[in-house]
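Take a look at the model below.

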Amino acid sequence: MNETPQKKASVGQSRTRWHALLVAGGIGLSRLAGFIRVSVFAFFFGNTDAADAFNAAFRIPNVLQNLFGEGVLSASFIPVYANLLARNDKEEARRVAGAIAAILMLITSILVLIGILITPWLIYVLAPGFTGEKREITIQLVRIFFPGAGLLVWSAWCLGILNSHGKFFLSYAAPVAWNAMLILAMVIFGWSSDPYDLAQWTAWGSVAGSALQILIQLPVVLRLLGRVQVSLNHRISEVRTVLRNFIPVFIGRGVVQISGYVDQILASLLTTGAVAGLSYAQILYTLPVSLFGMSVAAAELPAMSKAVGSDAEIAEQLRKRLDGGLRQIAFFVVPSAMAFLALGDMVVAPIFQRGKFTGGDTLYVWGILAGSSVGLLASTLGRLYSSTFYALRDTRTPLKYAIIRVTLAALSGYLLSQHAPGLIGIDERWGAAGITAASGFCGWAEFLLLRHSMNGRIGKTGLAFSYTAKLWLAAGAGVAAAWTVKIFTDGLHPILRSLIVLGPYGIIYFTAAFLLGVPEVRALGRFLPFLKRRL
């Protein structure tokens, strides 16, 4: 019996949710490993000069992974490669994959060499507040990190192949291996090395972890490809399309990287610990962005890219997928933002508060995290809007708005971090919270611009006010219950207290959302039978 269009749509939505769940599962494992890594890092390093040097050094070569990595390659490579697979043109797909691999290898090798040579000048620009031994060790760490960052570009190529073939878990879980190698290095050398020596051993662990992360994925990738035709043939029409679409996303990522480095520069001008504190907060902030924003966007991009029919039919398909994805993201991100704002110490303490990381450090990171909560929802929703533009083969519109956001964030971040603390009479180190708050406000500007342009392309999209109001109301009820528990649990171990406080918060949120008639709660129930069949 033929399936009805409604049933086909329901099956398609369930399949996309399954793919999003696989992405989220892989990201969740990677983030769990990352939290363990950072917890171990906090134990051995705390908020010391060595911690500042390590975190600053890691960001500089990591630009390679971010510029040539997952988001950029997904936006340009997956729509072309997945389309070739959909047309059953496997031979051409292999040629395109091999050509992109060779081009990436050549470019990243050249950039790694250049980066190693110009490292001292990079430190002058990107960490001007570092002097003496702190600056010298940062230079050494950057030179160690660069080859590992170059290797991780290959992980993005593997992800593009795997996602296009419907394999959504392995590439997102592979970073567990990278985290494991850093943890191993710290545990082996942390007890007998001084902080600066330990920083170098940990950096070498990062390089080893990068190689292991690639080796885990390659066997499956090679099996899917059948055989790889590696060449620098950029004359293939599909390769030219990938490169043409790659450039605007590459520039957009570059602009975002500049914003990250501006944040680091501003933090380096504050007191010791500001760079490390900003890094700790960003690890937590990016968790819901990855779990709920990236997972939905990654699952939707291949599906949206395969939309066919007339312009009106394609627009209708994209509107439905986009609005459904926005509701899924907001359902989980709103309580995350509320938790960061109102219960941030309960999030920070169980992960970081041990060893040299004190209760005062917990409050400091909470303040920075609260600033980032301002733009958390906008950042995650904006990812899905950007993916929709990429599915339409438009990589320039997201670039334009990214430039606007980054420019505004740099200007407002400078004012809020360098001048606002003095004006309101607080310690200058709290300027780090001004950096994250400025980025959050500017994230809303970018999101509104993306939504306005998309609405002009495919018709009205976005979240209904009543829907978001219900989510915030449910989250507020959860916070009220959590704070009541928090008051009566002072003095307990941070991990136990966090479980006791955050548990009721989550329960009350889901219960209140159900009572308020939020459809995503019931959608989870309808998804369970499909999930049971897949498992």
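Helix H2 (residues 49-59) packs against helix H7 (residues 132-164) at an angle of about 40°, and their axes are 8 Å apart. Axes here are lines fitted to C-alpha atoms, for helices over the stretch in contact, and angles run from 0 to 180 degrees between N-to-C directions. Helices (H or I, at least four residues) are DSSP runs, numbered from the N terminus. The crossing of H2 and H7 is right-handed; that is, the near helix is turned clockwise from the far one by less than a right angle. On the H2 side, Asp 49, Asp 52, Ala 53, Phe 54, Ala 57 and Phe 58 make the contact. H7 answers with Lys 134, Ile 137, Thr 138, Leu 141, Val 142 and Phe 145. Contact means heavy atoms within 4.5 Å. These residues divide into 8 nonpolar, 1 polar and 3 charged. Ala, Val, Leu, Ile, Met, Phe, Trp, Tyr, Cys and Pro count as nonpolar, Asp, Glu, Lys and Arg as charged, and the others, Gly among them, as polar.

This is a predicted model: local features need pLDDT of at least 70, side-chain atom pairs count only at pLDDT 80 or more, and totals for chains, interfaces and linings use all residues. Residues are numbered from 1 along each chain as its sequence is written, and side-chain values use heavy atoms, with hydrogens and water left out.

Now find helix H12 (residues 274-305) and helix H16 (residues 376-391). They pack at an angle of about 20°, with axes 9 Å apart. H12 is therefore roughly parallel to H16 (angles under 35 degrees count as such). Their crossing is right-handed. The contact of H12 with H16 holds 12 nonpolar, 6 polar and 2 charged residues.

The largest nonpolar core has 121 residues. Such a core is a set of buried Ala, Val, Leu, Ile, Met, Phe, Trp, Tyr and Cys residues joined through side-chain atoms within 4.5 Å; buried means under 20% relative accessible area (1.4 Å probe, protein chains only). Phe 45, Leu 141, Tyr 280 and Phe 352 have the most contacts inside this core. H12 gives the most to it, with 17 residues. A second, separate core of 26 residues includes Val 96, Ala 99, Val 239 and Val 242.

Val 239 is found in helix H11 (residues 237-268). Val 239 is buried, with a relative accessible area of 0%.

Terms used:
Helix = DSSP H or I, 4+ residues; strand = E, 2+ residues; numbered from the N terminus. Parallel < 35°, antiparallel > 145°, perpendicular 65-115°, else oblique. Buried < 20%, exposed > 50% of the residue type's maximum accessible area, 1.4 Å probe, protein only.
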